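I opened the model and kept notes as I went. Each entry covers one thing I looked up.

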Amino acid sequence: MPKKDAAAAVEGSYRAENFKRRSRYVLVFAILIFAFITIVVLNINTGSVHISVADVFRILLMKAGDPDNVSIVWGIRLPRIWMAAILGGALALSGFLLQTFFENPIAGPFVLGISSGAKMFVAILMIFFIARFGFMSSWVMIIAAFGGSLVATAFILMVSRSVKNMSALLVAGVMIGYICNAITDFIVTFADDSDIVNLHNWSQGSFNGMKWGNVWMALVVIGVTTFLTFMLSKPISAFQLGEAYAQSMGVNVKRFRILLILFSSILSATVTAFAGPISFVGIAVPFLIKQALGTARPLVVIPATFLGGSVFVMVCDLIARMALAPTELKISTVTSIFGAPIVIFMLIRREKAKR
Amino acid sequence: MNRKTYKAGICLGAAALAAVMTFESGTAWATATAESSAAASSAAQVTQASAAGSEPASTAAAVEGSEEAAETSAQEITPPKIAGLTYDHAMELDSANQFDIFYYNDGYKLIDIPVSGEYLIVPDGKQAPDGLSEDITVIQQPLDQIYLAATNAMSFYDKLGCLDSVTMTGTDESGWSIDAPVKALESGSMKFAGKYSEPDYEMIVGNGCDLAIESTMILHAPEVQEMLESLGVPVLIDRCSYETTVLGRIEWVKLYGALMNKEDEAEKIYDDQKSVVNSMQDFQNTGKTVAFFSINSDRSVVVRKSDDIIPNMISLAGGAYIFKDLKNPGSNSASVNLSMEEFYKTAINADYIVYNGTIETPLSSVQDLISKDNLFADFKAVKEGNVWQVDKKWYQSTAEVGYLVTDFNTMLTGGDASTCHFLQKVES
């Protein structure tokens, strides 16, 4: 029975391949979860003030111990760690969605001007609001950054109604970034030195001074958006195989594209609103995760990207706050310094493997 | 939601509208802002602005300006009612218009700083009264663990003999030009706890910080102030730099004296500097003109507004600031950026040019200045060897800032340059 043998051989090969693939997924997720737990523990236990592991456990479990140490762990370290985890994941996922939308691996919130839109609004606020009213709340800045990101996105969406070519749309996004930067520079012309210094500080991103109110707000916005994105896994999977294929599978491509860029923008806008622009994560992490998993399947890549983004940003944040303590490095400095060489290395290795 | 958050919330729409209006009407908005700022200013600012903006003010007029301001300020004082406390008296202020201090029974004091807020100083062993408004920040004495990020206040703490209470600073060793904090940082009695925008919260909380003193730069990083407050650290925002008179700025020593229960010492420090400044009343108007400037990294020339403290000091010393009516509409900044062309046409005939080395790197020689722009070689002051500079120490020596007036006078009258505190003649 040669036909049956051949079918059995194919099925066996498919099973082996499937097993190999699943094992790889399990291994990647296991590594990510292990790294996540390790970096959370390291972050909780590391800081300017030495708190013993036993005390940290007592503080975490019972909120008991030296009141200052309780404040340090619960009021400073934990909100910061969770914000780095939540926002890092959101940024990486945002990058993945934009790359899917534009079918281009370099698409990210930075490249498309979404961060520039946020910076423009924050500049307007810093320079005119403080000059006029003398003070402002951090929530006002958060709302401004969020609004700025969404305004930039709205422009990209408007252009997308006329421009169907993804490369051209990407270029349009870059141009919107330039326009936002030009407006920011124009506003800065009228700024005091203190405004310029503070705008520069903000535009480098930081997780310093995160509060529980920020954590809950970010958790709700990013949690809901991530869940909705995950629900889009199948249409994304179909879209990855081509627009025509997605249409044949019943995907309303026009609406799907709007949702994709909307979710991506909400994610990156939330990150920029709370922590300022953070460069590179949106490009590097999805790339590294897809390389590690050996697939671009959204069902696997979405959770892995989120987890990978969390781990990457938490590691970078630990370096940012401890490398030159008590002076803190800007988070974008660390993400770029550590992220860019990794991607270059991976690209070279992949090209060598192809040969 | 506290008062500030509420106000900020309702003002967001107004700010957005204002921003839009700016692009539509440009100068009109800027003028409106300038007008509203002027309206909010005290009598002292108006007096000084007009003094610096017209003919070179006589020394007496400049000093009188601050006295008039003091009278106006005294008339406007309305002590806040605090349930459970009995109002006693207000601190008499001579020149400062950016704060008021009210005294209540049992040693309670209330500091009121416009924009920054109200602060109730609670004496050691006492508690804040029940039902105290949430808008009033409580500062509990004793204050022996202070995080000081407002550099100009360090000089006051030094002069008051309270430097041991400042255990954390927002400026590291390399950023200090005055000796006291450098020595304290070297000895370890003071630690660098991160700059104002990125403080090391762990160190601040771990050291049991009683008070954070910030400059108005913190207003651009509201999340830092909110975080410190959420950790139980009261934040006092110093607005000393908004005083437009020499004595007004020095008088802030009284605020820090009240914080540290050293009112008498503060009074003496102020009186000493006042006598230095008042001694200038005898100076004759020399008729000499002075340009005070620096060159920044984009090669623009940074000069002071005509109603700033520096033109006021030059006037007190018997000189005249070369820019008669220079303003910076819509901005709180004391400085204005000019193109070289604009600076050149006005300052070329100045009798003296003084380089501001407090922020930019000081000049090593006159040639160093010319290398920044060859046009300087045409300046009258350069040709006549009248190039001076003020060093970084001045900016941080707030408690002795009055000596810059005597330095200017020494310069204008050809006195002994070696007696100057902050000014130095730039070698050819």
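Which residue of β10(B) stands opposite Ile213(B)? I looked, and Leu236(B) is the one. The model is predicted, so I kept that in mind throughout.

**Entry 1: strand β9 of chain B**

I followed β9(B), residues 211-214, to its neighbours. β9(B) and β10(B) pair in the parallel sense, over three bridges. On the other partner, β6(B), residues 146-148, I again found three bridges to β9(B), and these strands too run parallel.

Next I checked the faces. In a regular strand the side chains alternate between the two faces of the sheet. For β9(B), I have Leu211(B) and Ile213(B) on one side. Ala212(B) and Glu214(B) are on the other. These four residues are all buried, so I noted both faces of β9(B) as covered.

**Entry 2: the whole sheet**

I then stepped back to the sheet. It is open and has five strands, in the order β8-β7-β6-β9-β10 of chain B. The pairing is parallel.

Which strands stand at the edges? I found β8 (191-192) and β10 (235-237) of chain B there. Each has a single partner strand, so one side of each is left without a neighbour in the sheet.

**Entry 3**

β3(B), residues 109-113, and β4(B), residues 117-122, pair in the antiparallel sense over five bridges. Asp112(B) has Glu118(B) as its bridge partner in β4(B). The two strands form a hairpin with three residues between them. In this hairpin, Val115(B) takes a positive phi near 70°.

β4(B) also pairs with β5(B), residues 136-140. Here I noted five bridges, and the strands run parallel. Val122(B) stands opposite Gln140(B) in β5(B).

Most residues other than glycine have a negative phi, and most peptide bonds are trans. I looked for exceptions.

Gln141(B) and Pro142(B) are joined by a cis peptide bond, with omega about 5°. I placed Pro142(B) in the loop between β5 and β6 of chain B.

Asp106(B) has a positive phi near 60° and is not a glycine. I found it in the loop between β2 (100-104) and β3 of chain B.

I counted 17 other C-beta atoms within 10 Å of Asn261(B), which makes it partly exposed.

**Entry 3: chain B totals**

Of its 428 residues, 52% are buried. Among contacts between residues at least 6 apart in sequence, 63% join residues at least 24 apart.

**Entry 4: the nonpolar core**

In soluble globular proteins, nonpolar side chains tend to be buried together. I looked up the largest nonpolar core and found 224 residues in it. Those with the most contacts inside it are Met83(A), Leu87(A), Val122(A), Tyr256(B) and Ile353(B). Helix α3 of chain A, residues 67-102, gives the most to this core, with 19 residues.

I also noted a second, separate core of five residues. Among them are Ile236(A), Ala238(A), Ala246(A) and Val251(A).

Leaving aside neighbours within four places in sequence, its contacts are Ala218(A), Val271(A), Phe274(A), Ala275(A) and Val313(A).

**Entry 5: α3 against α13 in chain A**

How far apart are the axes of α3(A) and α13(A)? I have 7 Å, with a packing angle of about 130°. The two helices are therefore oblique to each other. Their crossing is right-handed. The contact includes Leu87(A), Gly88(A) and Gly89(A) of α3(A). From α13(A), residues 298-322, it includes Gly308(A), Gly309(A) and Val313(A).

How values were computed: Residues are numbered from 1 along each chain as its sequence is written. Chains are lettered from A and ligands numbered from 1 in the order in which they are written. This is a predicted model: local features need pLDDT of at least 70, side-chain atom pairs count only at pLDDT 80 or more; totals for chains, interfaces and linings use all residues. A nonpolar core is a set of buried Ala, Val, Leu, Ile, Met, Phe, Trp, Tyr and Cys residues joined through C-beta atoms within 7 Å. A residue is buried if 20 or more other C-beta atoms lie within 10 Å of its own, exposed if 12 or fewer, and partly exposed in between; C-beta atoms are placed from the backbone. Two residues are in contact if their C-beta atoms, placed from the backbone, lie within 7 Å. Two strands pair if DSSP finds at least two bridges between them. Axes are lines fitted to C-alpha atoms, for helices over the stretch in contact, and angles run from 0 to 180 degrees between N-to-C directions. Angles under 35 degrees count as roughly parallel, over 145 as roughly antiparallel, 65 to 115 as roughly perpendicular and the rest as oblique. A crossing is left-handed if the near helix is turned anticlockwise from the far one by less than a right angle, and right-handed if clockwise.
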